[in-house]
Amino acid sequence: MATLEELQRSTAEVGESVHRATFSCAFHKSGFYGRVARRKLLLKQSHKKSRLQFATSHVQDTANMWRKVLWSDETKIEVFGINAKRYVWRKTNCTSP
């Protein structure tokens, strides 16, 4: 699915001038509304398997051992582009893509 700006640009490329509000009204009349898309976790099955293996191998570790661990999960790193909200068009009460 394209954004309103992309739709507007594509119509301009073919020589038509359509305002974004026109697209928005057309989507609304068809029962679609703009929503913020849910974030999808980028964990593959192999990631889940290795995490479970790590957890089961360390289940008997003491609290004193865990106090010695340096936790570095407070750093925000954007690996896959900008960390912005993505808007999608969905029908009312619809959760599927």
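The model is predicted, so local features need pLDDT of at least 70 and side-chain atom pairs count only at pLDDT 80 or more, while totals for chains, interfaces and linings use all residues. Residues are numbered from 1 along each chain as its sequence is written, and side-chain values use heavy atoms, with hydrogens and water left out.

Leaving aside residues up to four places away in sequence, Thr11 touches Glu16, Val18 and Phe23, where contact means heavy atoms within 4.5 Å.

Turning to the rings, a search of the whole structure gives two aromatic pairs. Rings of Phe, Tyr and Trp (its six-membered ring) pair if their centres lie within 6.5 Å; planes under 30 degrees apart count as stacked, over 60 as edge-to-face and the rest as tilted. Phe27 and Phe32 form an edge-to-face pair, because their planes stand at 75°, with ring centres 6.5 Å apart. Of these residues, Phe27 is buried at 18% relative accessible area, whereas Phe32 is partly exposed at 26%.

Phe54 and Trp66 also pair edge-to-face, with ring centres 6.5 Å apart and planes at 75°. This pair links distant parts of the chain, twelve residues apart: Phe54 belongs to helix 3 (residues 45-57) and Trp66 to helix 4 (residues 63-67). Phe54 is partly exposed, at 46% relative accessible area, and Trp66 is partly exposed at 26%.

Terms used. Buried means under 20% relative accessible area, exposed over 50%, partly exposed in between (1.4 Å probe, protein chains only). Helices (H or I, at least four residues) and strands (E, at least two) are DSSP runs, numbered from the N terminus.
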